[in-house]
Amino acid sequence: MGAVVSLSNIHKQYGNHVAVDDLSMQVEAGQVYGFLGPNGAGKTTSIRILLGIIDQDSGQREIMGHSRAFDVARRIGYLPEERGLYKNMSAERVIAYLGRLKGMDGKAAINRARILLDRYGLGDAAKKKVKQLSKGMAQKVQVLSTFVHDPDLLVLDEPFSGLDPVNQQILEQLLSDMREEGKTIIFSTHVMQHAERLCDRIGLIARGRDVFSGTVREAKRLLTPHIHLRTAQDITPLKQLSVISDVTEVNREDTMIEWRFEADKSLTVERLVELCAKNGIGIDHFAMIEPSLHEVFVHLVGQDTRQETGAEREALS
Amino acid sequence: MNKAIYLVARHEFLETVRTKSFIFSLALIPALLALGLFVPGWLASSTAVTRNVVIVDMTDNGTYGDRVAQELERAYARKALASVTAHVRAYALPDYKIDQSLDAEKLPSLLLKRHNDFTDRDADAFLQNGGLTWAMAIAMPFLRPGSPPPTIESKSIRLVDLPHNMDKAGLADDPASLLRPWLNGDRKLVISGTEERLHAAVIIPRGTNPAAPDSLGALGYGSMADSVQIWSDGPLSDSLSSRLPSAIDAAFRKDALVAAAGNPEILDHAGYRAPMLELDISAPEGREVTPADMIARALPRILSFMLIYFLYINMYMLMSNTMEEKANRIIEVLVNSITPNQLMVGKLLGSSLVALTMFSFTVVTFMAIMLLAGGSMFVEFSGVILGLLVNTPILPAMLVYFVLGYFLFAGIFLTLGAFCETAKDVQNLSTPVTLLMLVVPLVVWAFADDPSGSGARILSWLPFFGPFMMMARATSDPQVADIAGSIAVQILTIGGLLWASGKVFRIAVLFTGKAPKIGQLIRLLRTGG
Ligand SMILES: Nc1ncnc2c1ncn2[C@@H]1O[C@H](COP(=O)(O)OP(=O)(O)O)[C@@H](O)[C@H]1O
Ligand SMILES: [Mg+2]
């Protein structure tokens, strides 16, 4: 199956400011694609170019076999980064209206709107005006409106921002449901955990350039896993090995010390256990911890973006 | 494509019509119309109770008093007769009509008359033979069965006797102090058991004679001793001032005429007239100018006024509706589903439909109220309008210009609305448009008297001026080139405005979050985004 969406060598500039620089990406049918990067990286700009809302300065775009998203608009659902709905319409009517604009029949649209609102816990809000809903509820309503017309492709720009943890959870569930239904999903976020849980593939961008694209697993394999080892014995023999680096003390209880270190990929778990036994190091606790996507990201784009993503991460957790 | 336009229009219409403010203003229309149409009349009729007037004739032969009374009666009779014939014009059976006008061959001449056509003999016949009953008996055979009864005003002046204890001779010496307590309401007349106020007193002093045209008396500079005195507390009320002086005048004038001729028949001659037909060259064999023509002539001004009024009340709605999607940030979703131009056309149509609803509701309510009030004048008027609609291209043509004019200005509102981010922007930008809406008809009407002149022709071809100018020219056979040209220019302008508003709207998507400066937008508009 070919690419549902492909951008190749996209370049977009606002005045002298380069927003997107030689960006390429491909999303296959049925994939959940996470578009990751810190604020200002160029995610929104790329998405807008992809959907034909703005035009690129150079490069090629293709969406479902067309160069203009407008030609296949009915098969696309889009949640823009800046939210907004008709404030004086009721939730169900606004969803139905947007569905009709995407080619739905009037009755089908209102029925589907009601079903969706019910299914995602907004049944009571169906008849309420959008302006009477809380910000989070309104955002959920807008998310529902993006797939009321049963699109094949969902493009969501920062869908998790502005939601509390419970609703973020619901949204993750919703996106999993969509994946089950075989839809192709592209979403952008600057919070890596969502991507980690949901994505088949991710694209990392920073300062308008793509720095990585592949599966989450592939991304994580860029970094060696951390090993946590708790023992009462001296681990100096291990420290001296060339395949072990970055040893730090994480925790100390009585005589027990928990160490963390990085091991070379050539060092298998069996070999490590063997080395411990040989040097008389008793293992009280042993764990191999994968790097988080965040760590991979920081590793890829350098320190300067760490603060930004880190701060965001804390604010949300 | 068209489906999207339909959906936007439908959305625009339904969402406006469902708002409380719209329903409220709709509900207000009948109330306001009724208030405007009836309250002044009702107030007038309830406050302007019958005016009690005493006439004191001190002349030697003492006949002026009676003649003034007679003229007052005749004036009332003429009014009543005019109401009856208006009723006939409104409700005559089709057999007695030709093209909205009464068929002169088949009707008695009395029923063909309008207010000024009724002679003293007509009035006297009315008064002597039983008034309205007599007049309706003549009219009845020609009326459609089941037509409502005519509305006839009651008499507004009642002549009363001098209070029995008043000294008539003293009135000649010092009328003011004698009349004061009566006219200012301190003392009351007793008329058939109830107390009534005296509203005016007419004193005809002994030396009063008809005044020759250049005499001081005729010019209002006569002395108390030889001029009719009309006394009242403060200025005469409207109903008195419109009837009393003219009745007095008529009595004296007729007296002079009869005296000079030595023969009362002279009065019949005074009613002679030039037989006249007003003819219109525009019909092939020339035809008589009918009331329909008069109305057709007044129609452009009425419609222009209505158009401006109508635009004015819809301006805010049109401008803020475009603003909504920008303020709501919903543009980005929409732009992905429909083109900006579809959106603008849809909005224009939807808002226009709202306006049309309001307009039709007003017209229908107005007509219903008028009909319920039983105005035969109104029935006659609407018959003429209907005739214009069916028989001539004038009214349909004017409606076309009306619609074009509406869409032109509505297009401006939409375009400006697309620039706006807040209600304040709407307010600021609406000022110059309001001025344009006032200036355009003023300029057009300056040229309307010469509808075929080059000024009028040039204005016809200009956007915005065209619809008003062509409305003004509609009754005077404008050149086909002007009609076609004007309509084409207006349609192109409307298209251009819609295109521009779509473009502005489209560009607005780029400026997410921060409101773009208008200057910035204009620059982008020029460079094509
Ligand atoms: N309309 C615009 N005019 C000027 N600069 C813009 C505009 N839109 C985005 N940018 C700039 O382009 C860069 C990328 O922005 P954006 O695509 O919104 O990033 P992200 O969505 O990843 O946060 C930012 O530096 C932003 O300031
Ligand atoms: Mg963004």
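How much space lies in the largest cavity? About 70 Å³. This is a predicted model, in which local features need pLDDT of at least 70, side-chain atom pairs count only at pLDDT 80 or more, and totals for chains, interfaces and linings use all residues. Residues are numbered from 1 along each chain as its sequence is written, chains are lettered from A and ligands numbered from 1 in the order in which they are written, and side-chain values use heavy atoms, leaving out hydrogens and water.

Start with the cavities. A cavity is a set of points, on a 1 Å grid over the protein atoms alone, where a 1.4 Å probe fits but cannot get out; lining residues have an atom within 4 Å of a point. Grid points are joined across faces, edges and corners, and a volume is the space filled by probe spheres set on the points. The structure holds five cavities of 30 Å³ or more.

Both chains line the largest cavity, with residues including A:Y78, A:K102, A:H149, B:V333 and B:N336. Helices (H or I, at least four residues) and strands (E, at least two) are DSSP runs, numbered from the N terminus. β5 (76-79) and α4 (135-147) of chain A and α13 (331-337) of chain B each give this lining at least two residues. The largest share, three residues, comes from α13(B). By class, the lining has three nonpolar, six polar and one charged residues. Here Ala, Val, Leu, Ile, Met, Phe, Trp, Tyr, Cys and Pro count as nonpolar, Asp, Glu, Lys and Arg as charged, and the others, Gly among them, as polar.

The second largest cavity holds about 50 Å³ of space. Its lining includes A:Y120, A:K140, A:N167 and A:L174. Four of the lining residues, the largest share, come from α5(A). The classes are six nonpolar, one polar and one charged.

Now turn to the sheets of chain A. Two strands pair if DSSP finds at least two bridges between them. One open sheet has six strands in the order β5-β6-β7-β3-β8-β9, with mixed pairing. β5 and β9 (209-214) are its edge strands. Within it, β3 (residues 32-36) and β7 (residues 184-189) of chain A pair in the parallel sense over five bridges. A:F35 has A:S188 as its bridge partner in β7(A).

α4(A) lies across β5 and β6 (153-157) of chain A, at about 160° to β5(A). Axes are lines fitted to C-alpha atoms, for helices over the stretch in contact, and angles run from 0 to 180 degrees between N-to-C directions. Contact means heavy atoms within 4.5 Å. Helix α10 (residues 293-301) of chain A lies across β3, β8 (201-206) and β9, at about 40° to β8(A).

A three-stranded open sheet of chain A runs β2-β1-β4, with antiparallel pairing. β2 (17-28) and β4 (58-63) each have a single partner strand, so one side of each is left without a neighbour in the sheet. Helix α1 (residues 43-50) of chain A packs on this sheet and touches β1, β2 and β4.

Last, look at chain B. The axes of α3 (residues 64-91) and α5 (residues 120-128) of chain B come within 8 Å and cross at roughly 90°. These helices are therefore roughly perpendicular (65 to 115 degrees). Residues making the contact include B:R74 and B:Y76 of α3(B) and B:D124 and B:F126 of α5(B).

Methods: Parallel < 35°, antiparallel > 145°, perpendicular 65-115°, else oblique. 1 Å grid on protein atoms, 1.4 Å probe; cavity = no way out; pocket = protein on both sides within 12 Å on 5 of 7 lines; lining within 4 Å.
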